[in-house]
Amino acid sequence: MNQPLAYVHPGAKIARNVVIDPFTTIHNNVVIGEGTWIGSNVTIMEGARIGKNCNIFPGAVIAAVPQDLKFGGEDSLAIIGDNTTVRECVTINRGTIASGQTVIGKNCLIMATAHIAHDCHIGDNAIIVNGVALAGHVIVGSYAIIGGLAAIHQFIHIGDHAMISGGSLVRKDVPPYTKAAKEPLSYVGINSVGLRRRGFTSEKIREIQDIYRILYQKNYNTSQAMGIIEAEMSASPERDEILDFIRNSSRGIMKGYSGSY
């Protein structure tokens, strides 16, 4: 399990069947669950909480202190859920006093060289592709996919099942079930392929499409569209999730169609 060329602090709590490859350093106040593999040249710093059956590839740095000039050395955590894979040279910073933790859910895939900053919260089954940079306090919903080299502004909220194209500059919130692309970032449809793969019925997908047609394709402003959706569309978990997302958006949601389409 623990190679002689790896360093594990005596205060770290490591499950018995964790595999730790050579040249890895694990600091104090770290917890690693059963069945996890830690590759070579990984650095896991204080405050890391890594779940069961995770795979951490070479060069990753987990739970380093935040790149936030306001950080005062407070105790905080970086939490990684069960069955999550963290690929080569990923950096995941721990939280600040704002929320106390950076959280990555279960069954996620964080691809090589991605950066996840302090106080980010990523839902289950999310995919963060190579080179993505998440600034602080970003929320990423479950089953969301963020394409390679995308840059996400601080305090952005990306909804469940959303898909963002590679190289995007994300300055506005991305509502659930949508696809986002172009510059500036815009609505380009719903993530119908992803929804089908996850068991959404054709009727449910049409319902979501109808909601976003009102919001983005009928030339209403956001307030008008929300009123029409609430009045004309039957209540459902998906409708209410979309409406609640928009109401709670602190940065505003991404734009809709423009003449360039």
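Guide: Here is a chat about the sheets, a helix, the core and a few residues of this model.

Visitor: Okay, what kind of model is this?

Guide: It's a predicted model.

Visitor: Which feature does UniProt place at residues 6–102?

Guide: The unreviewed UniProt entry puts "domain: Mannose-1-phosphate guanyltransferase C-terminal" there, at residues 6–102. In the model, that span is 0% helix and 35% strand, and its end C-alpha atoms lie 26 Å apart.

Visitor: Let's do strands. What order do the strands of the open sheet of 9 have?

Guide: The order is S1-S4-S7-S10-S13-S16-S19-S22-S25, with parallel pairing.

Visitor: And which strands stand at the edges?

Guide: Strand S1 (7–8) and strand S25 (169–170). Each has a single partner strand, so one side of each has no neighbour in the sheet. S1 pairs with strand S4 (residues 25–26) in the parallel sense over 2 bridges, and Tyr 7 sits opposite Thr 25 in S4.

Visitor: What does His 9 touch, skipping residues up to four places away in sequence?

Guide: Ile 26, His 27 and Asn 28. His 9 is partly exposed, because its relative accessibility is 27%. Val 30 is 21 residues from His 9 in sequence, and their C-alpha atoms are 8.7 Å apart in space.

Visitor: Which strands pair with S11?

Guide: Strand S8 (residues 48–50) pairs with S11 in the parallel sense over 3 bridges, with Ile 50 opposite Ile 80. Strand S14 (residues 101–104) also pairs with S11 in the parallel sense, over 4 bridges. There, Ile 79 stands opposite Val 103.

Visitor: Now Asn 93. Buried or exposed?

Guide: Buried, because its relative accessibility is 4%. Asn 93 is found in strand S13 (residues 91–93). Not counting residues up to four places away in sequence, its contacts include Ala 64, Val 65, Pro 66, Gln 67, Ala 78 and Thr 102. His 115, Ile 116, Ala 117 and His 118 are also among them.

Visitor: How many disulfides does the structure hold?

Guide: It holds 0. For Cys 89, the nearest cysteine sulfur is that of Cys 54, 18 Å away. Cys 89 counts as partly exposed, because its relative accessibility is 43%.

Visitor: And how far is the nearest cysteine sulfur from Cys 108?

Guide: 9.5 Å, and that's the sulfur of Cys 54. Cys 108 is in no disulfide either. With a relative accessible area of 3%, Cys 108 is buried.

Visitor: On to the hairpin. How do S26 and S27 pair?

Guide: In the antiparallel sense, over 3 bridges, with strand S26 covering residues 178–181. Ala 180 stands opposite Tyr 187 in S27. The hairpin has 4 residues between the two strands, and Lys 182 in the turn has a positive phi of about 70 degrees. As for S27 (residues 186–190), 4 of its 5 residues are buried.

Visitor: Tell me about helix H2. How far does it reach from its first C-alpha to its last?

Guide: 21 Å, close to the 21 Å expected for its 15 residues, 202–216. Its buried residues include Ile 205, Ile 208, Ile 211 and Leu 215, and Lys 204 and Glu 207 are also among them.

Visitor: What covers the buried residues of H2?

Guide: The cover includes S26, S27, helix H1 (192–197), helix H3 (222–232) and helix H4 (237–247).

Visitor: Last topic, the core. Which residues touch the most other members of the largest nonpolar core?

Guide: Among its 70 residues, those are Ile 44, Ile 62, Leu 134, Val 140, Ile 146, Ile 152 and Ile 158. The elements giving two or more residues to this core are S8, strand S10 (61–64), S11, S27, H2, H3 and H4. H2 gives the most, with 7 residues.

Visitor: What is Val 140 in contact with?

Guide: Leaving aside neighbours within four places in sequence, Val 140 contacts His 121, Ile 122, Gly 123, Ala 126, Ile 128, Leu 134, Ile 146 and Ile 158.

Technical notes:
Residues numbered from 1 in each chain as written. Predicted model: local features only at pLDDT ≥ 70, side-chain atom pairs only at ≥ 80, totals over all residues. Heavy atoms only, no water. UniProt positions renumbered as here; feature names shortened; annotations may be inferred. Pairing = 2+ DSSP bridges. Disulfide = S-S within 2.5 Å. Buried < 20%, exposed > 50% of the residue type's maximum accessible area, 1.4 Å probe, protein only. Expected span 1.5 Å × (residues − 1). Contact = heavy atoms within 4.5 Å. Core = buried A, V, L, I, M, F, W, Y, C linked by side-chain atoms within 4.5 Å.
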